[in-house]
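Trainee: I have the sequence and the model open. Can we go through the contacts one by one?

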Amino acid sequence: MADSTPLLSQPNSAESQSTTPPLEKHRPSLDSTIERCIGVFGWAQFFQTLLISLAWLFDAQQTFISVFTDAYPTWHCTTHPHGCDSVSNICYLPRNSWAWDWPSYTSIISEWKLECSSSIITGLPASSFFMGCLVGGFVLATLADSSLGRKNMIFLSCLTMSLSSLLTVFSTNIWVYSALRLVCGFGRATIGTSALVLTAELVGKRWRGQVGVIGFFCFTIGFLSLPAIAYLNRGSSWRSLYLWTSIPGIFYSMLVHFFVRESPRWLFVRGRKEEAVATLKSIATPSRSSCLTWSFSEVSFQEERCNNGNIFSTIKMLVQKRWAFRRLLPVLVIGFGSGMVYYGMPLGLGNLSFNLYLSVTLNALAEIPSSLITMLLIATSLVRQAVVFGGVFGPMLVAADRRDGISSYGVFGLVIGCCGLFAICLPETRGRALCDTMDEEEHKEKAICNDEGDVLA
């Protein structure tokens, strides 16, 4: 464009003096300005997206590692005079009448003699992990938007998660083990959210849904890698599984620190314009680099700072806006049911009379079609805290079901069926462009209501 001045601008007219200047009405947003400078999606952005999304891989490994480390081992009878058979309850058998099929150090259940402990005790490590996720989600939620930024939040979260996982190798009892799992869950609480936001802020709006799904693919790959690592280490100590998954996570944290770029949007909002321009130049194509010196002169950073509130102000806003609160409640209920089923079903695979390695592999493979469908149809994220809250109850239910093995899956089906009915309360979004902010959505809703009122009139 040779001239950016509006063609209808007439400074000497009385109308222009009585109305707001056109440039004031149509000041470009920060997101649109960044998108105009870096383009829609290039190779530099693809590399950054892929590197950031790898955080999901290590996140998945620590999320589902207890499927193998906390598994109830198989056993066999050594003598038969005491009525020992394959369906007997070993808690009522003499200790010398049965033995584990594998060495006792292959699972925390056999190493710490927890085979007859209550479901609360045996399910405590996994529940502690999700409880740590829940607490960390609230405590750490504002740091990515305020002092730390998205990149540093991913770095510190991955490092905390990996180091606590490494320390788990030295656990001496169920209580120390559960405490370290709590710390691990606390550290990984913001990995998914920070990675999703950072990748979205490095690409244009058109590709945000697709690059977000790359993270879910990496999560699936991490889930798939667990049965492979566990199978290669079968017969070894459960501690070796934590060792093989934590050390690569520490090295990955270093890669994030040195090679991942911070969100240019967050840098601009925090007043670090020089760093933001340098980041944009590193990922922009040469043909667009020339616009970086003047494109941000018209952006209102004060408005962007006001829109960059923390989670607590956002929750207050949701409660105050009745239309948003009516949508939030069904999504929270659906998220709770999804979390209980999504995290609980893999943890319960050890209770079934199937090969554990094959069962976990098939369970992880089932996520690939859903990720593809998500990439093609929608671009929304789950209410993570509600999902994690549902995950807290899954391990307890699975541990209580170790006697018959299948009743927990009936509960999972009932829970997700009832929670899924709340989707009826949500508005249809098919064929509609999804809004980036609540103000934009509220404006659109008011416009629709006004149009309907004009039609009725």
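Mentor: Start with a cut-off: buried means under 20% relative accessible area, exposed means over 50%, and partly exposed lies in between. Keep in mind that this is a predicted model.

Trainee: Is R239 buried or partly exposed?

Mentor: The limit for buried is under 20% relative accessible area. R239 has 18% relative accessibility. R239 therefore counts as buried.

Trainee: Which residue forms a salt bridge with R239, and how far apart in sequence are the parts that the pair ties together?

Mentor: The partner is E111, with the closest N and O atoms 2.4 Å apart. R239 lies in helix α13 (residues 238-259) and E111 in helix α6, so the bridge ties together parts of the chain separated in sequence. E111 is partly exposed, at 22% relative accessible area. The separation is 128 residues.

Trainee: How many salt bridges are there, and what is the N to O distance for D59 and R188?

Mentor: The count comes to four salt bridges. One of them joins D59 in helix α4 to R188 in helix α10 (residues 174-188), 129 residues apart. D59 is buried at 0% relative accessible area, and R188 is buried at 2%. Their N to O distance is 2.7 Å.

Trainee: Which residue does R150 meet in a salt bridge?

Mentor: R150 lies in helix α9 and its partner in the loop between α11 and α12, so the pair ties together parts 51 residues apart in sequence. R150 is buried, at 4% relative accessibility. The closest N and O atoms are 2.9 Å apart, and the partner is E201.

Trainee: Why is helix α11 largely enclosed by the rest of the structure, and which of its residues are buried?

Mentor: Helix α11 spans residues 191-200. Seven of its ten residues are buried, so the rest of the structure largely encloses it. The buried residues are I191, G192, S194, A195, L198, T199 and A200.

Trainee: Now the aromatics. How many aromatic pairs are there, and what is the geometry of F64 with F219?

Mentor: The count comes to 16 aromatic pairs. In one of them, F64 and F219 sit 6.1 Å apart centre to centre, with 75 degrees between the planes. F64 lies in helix α4 (residues 43-64) and F219 in helix α12 (residues 208-232), so the pair ties together parts 155 residues apart in sequence. The geometry is edge-to-face.

Trainee: Is the pair of F64 and F223 stacked or edge-to-face?

Mentor: F64 in helix α4 and F223 in helix α12 are 159 residues apart. F64 is buried at 1% relative accessibility, and F223 is buried at 1% as well. Their ring centres are 4.2 Å apart, with 15 degrees between the planes, and the pair is stacked.

Trainee: Which residues form one aromatic cluster with F64?

Mentor: F64 pairs with F219, and F64 pairs with F223. Both belong to the cluster.

Trainee: Which ring does the charged end of R95 sit over, and which ring does R234 lie over?

Mentor: R95 has its charged end over the ring of W98, 3.9 Å from the centre. R234 is likewise 3.9 Å from a ring centre, and that ring belongs to Y231.

Trainee: How many disulfides does a search of the whole structure find, and which cysteines form the link?

Mentor: The search finds one disulfide. C91 lies in the loop between β1 (75-77) and β2 (98-100) and C116 in the loop between α6 (108-111) and α7 (119-122), so the pair ties together parts 25 residues apart in sequence. The link is left-handed, with -120 degrees about the S-S bond. The sulfur atoms are 2.1 Å apart, and the cysteines are C91 and C116.

Trainee: Are C91 and C116 buried or partly exposed?

Mentor: C91 has a relative accessible area of 28%. For C116 the value is 43%. C91 is partly exposed, and C116 is partly exposed.

Trainee: Last one. Which residues make the nonpolar surface patch, and what is its area?

Mentor: Helix α8 (residues 124-139) gives the largest share, four residues. V139 is found in that helix, and V139 is partly exposed at 47% relative accessibility. The patch is made by M131, V135, F138, V139 and L182, and its area is about 390 Å².

Technical notes: Residues numbered from 1 in each chain as written. Predicted model: local features only at pLDDT ≥ 70, side-chain atom pairs only at ≥ 80, totals over all residues. Heavy atoms only, no water. Patch = residues over 30% accessible without salt bridge, like charges linked within 9 Å, V, L, I, M, F, W, Y side chains within 5 Å. Areas by Shrake-Rupley, 256 points an atom, 1.4 Å probe, with all protein chains shown as cover. Salt bridge = Lys/Arg side-chain N within 4 Å of Asp/Glu carboxyl O. Helix = DSSP H or I, 4+ residues; strand = E, 2+ residues; numbered from the N terminus. Buried < 20%, exposed > 50% of the residue type's maximum accessible area, 1.4 Å probe, protein only. Disulfide = S-S within 2.5 Å. Phe/Tyr/Trp six-rings, centres within 6.5 Å; stacked < 30°, edge-to-face > 60°. Lys NZ or Arg CZ within 6 Å of the ring centre and 35° of its normal.
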